[in-house]
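Biologist: I'd like to learn how to read a protein model one feature at a time. Can we walk through one together?

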Amino acid sequence: MWVLLCVIVALVLLPIGMEARRRKMDAAARANATGEFAELSQGVTHYQWHGTARGPICVCIHGLSTPSFVFATLAQGLGALGFRVLTYDLYGRGLSDRPGGVQDSDFFLRQLEDLLEAHGIREDITLVGYSMGGAIASAYAAKSPGALRRLILLAPAGFHLALGAAAERLLSLPVLGDWALALALPLSLRKDARAEGPSSTVEGLPQAQIGELRYRGYVPAIISSLHGILDEDFQARHEAISRTDLPVMAIWGEADQTIPMRAMGTLTKWNRMAHHTVIEGGGHGIPHTHPDAVLAAIRAEVQGENG
């Protein structure tokens, strides 16, 4: 009985021990970082400017598990189109802090609004949201449509997220589900990073993705986002956006298994004014696997608006 009890206790404490052994995101971890840091209301946010020193501002928001380095190629291309591009790491990822609390839309909107305010950016923004970043961008657009010039969504979340039956069951289980996710996520993320790496245009992306697992707070942030913003209903927000004159463009991957193509039909129902482009053969990683096709679609949209 004592042996069995010890085994049970060890299993219960395993995710806690794994998390405790990970490195803290602090000044030492940021010592050789490129980019800059802003002290915001919820903690330190890492950000970078790309492209021209002057020009219309484009803010790019990354997704659930891969920080802002996912935009390395795309940001250069947006800069070549004349944008001044701002990328940043969401809390819990990259070189940003790991504040506690539920990572719902209000949590991420506060970070975005704080960062924009810190740079005095209040209007005429092209907002690009990828995957979960698409949900954040949509929430911002519904709240502050007058601040935006256009909204561009890349394989956006906020619709049905195809996590698989096992992951969905775990998310529905209180306590036990999060315990199991804390053990399973590192294995799944490593597998996905290695599988996607060969098709990426961002040098060293798989290693950088796997490197995120070295830092404390990363896995809990993903679990919190799954329970938070990725579990929210975005229908009312997209319908509110549709009642404004804000141009909305959505770019989808034809072979996306994470945000299936049926999400395009859902967005069409919620906002019939949205423009859609489908990247042939593209999966969920289109910003870094098919950046040229994404940029071509954005270029056509911008030129069409400028008519």
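Biologist: Let's start with S131. Is S131 buried or exposed?

Modeller: Buried means under 20% relative accessible area, exposed means over 50%, and partly exposed is in between (1.4 Å probe, protein chains only). S131 has a relative accessible area of 8%, so this residue is buried. S131 sits in the loop between strand 5 and helix 4. Those labels come from DSSP runs, numbered from the N terminus: helices are H or I with at least four residues, strands are E with at least two.

Biologist: And what should I know about the model itself?

Modeller: This is a predicted model, where local features need pLDDT of at least 70 and side-chain atom pairs count only at pLDDT 80 or more, while totals for chains, interfaces and linings use all residues. Residues are numbered from 1 along each chain as its sequence is written, and side-chain values use heavy atoms, with hydrogens and water left out.

Biologist: Got it. What is the phi of S131?

Modeller: Phi of S131 is near 55 degrees, which is a positive value in a residue other than glycine. D124 is another residue to look at: its phi is near 60 degrees, again positive in a non-glycine residue. D124 lies in the loop between helix 3 and strand 5, and with a relative accessible area of 36% D124 is partly exposed. Just after helix 3 there is also G120, with a positive phi of about 65 degrees.

Biologist: Since you mention helix 3, how many residues does helix 3 have?

Modeller: Helix 3 covers residues 105–118, which is 14 residues. For the expected span, take 1.5 Å times one less than the number of residues. Helix 3 reaches 20 Å from its first C-alpha to its last, close to the 20 Å expected. Its buried residues are S105, F107, F108, L109, Q111, L112, L115 and L116.

Biologist: Now the sheet. In what order do the strands come?

Modeller: Two strands pair if DSSP finds at least two bridges between them. Here eight strands form an open sheet in the order 1-2-4-3-5-6-7-8, with mixed pairing. Strand 1 (36–40) and strand 8 (275–279) stand at the edges with a single partner strand each, so one side of each has no neighbour in the sheet. On average, neighbouring strands are turned by 25 degrees against each other, direction ignored. Axes are lines fitted to C-alpha atoms, for helices over the stretch in contact, and angles run from 0 to 180 degrees between N-to-C directions.

Biologist: Which strands does helix 4 touch?

Modeller: Contact means heavy atoms within 4.5 Å. Helix 4 (residues 132–143) packs on the sheet and touches strand 3 (57–61), strand 5 (125–130) and strand 6 (148–154). The direction of helix 4 makes about 145 degrees with that of strand 5.

Biologist: How do I read the two faces of a strand?

Modeller: In a regular strand the side chains alternate between the two faces of the sheet. In strand 7 both faces are covered: V248, A250 and W252 are buried on one side, and M249, I251 and G253 on the other. Strand 7 is joined to strand 6 by four bridges, running parallel, and pairs with strand 8 in the parallel sense over five bridges. Within these pairings, L151 has V248 as its bridge partner, and G253 stands opposite I279.

Biologist: What about cysteines: how many disulfides are there?

Modeller: A disulfide is a covalent bond between the sulfur atoms of two cysteines. The cut-off is a pair of cysteine sulfur atoms within 2.5 Å. A search of the whole structure finds zero. The sulfur of C58 has its closest cysteine sulfur in C60, 4.1 Å away, too far for a bond. At 0% relative accessibility, C58 is buried, and C60 is buried at 0% too.

Biologist: Last one: which side chain does S200 make a polar contact with?

Modeller: A polar contact is a pair of N or O atoms within 3.5 Å; within protein, one must be able to donate a hydrogen and the other to accept it, and residues adjacent in sequence count only if both atoms are side-chain atoms. The side chain of S200 makes one with the side chain of H288, at 2.9 Å. A polar atom of the S200 side chain also lies 3.1 Å from the backbone nitrogen of V202. S200 sits in the loop between helix 6 (176–196) and helix 7 (205–211), and with a relative accessible area of 15% S200 is buried.
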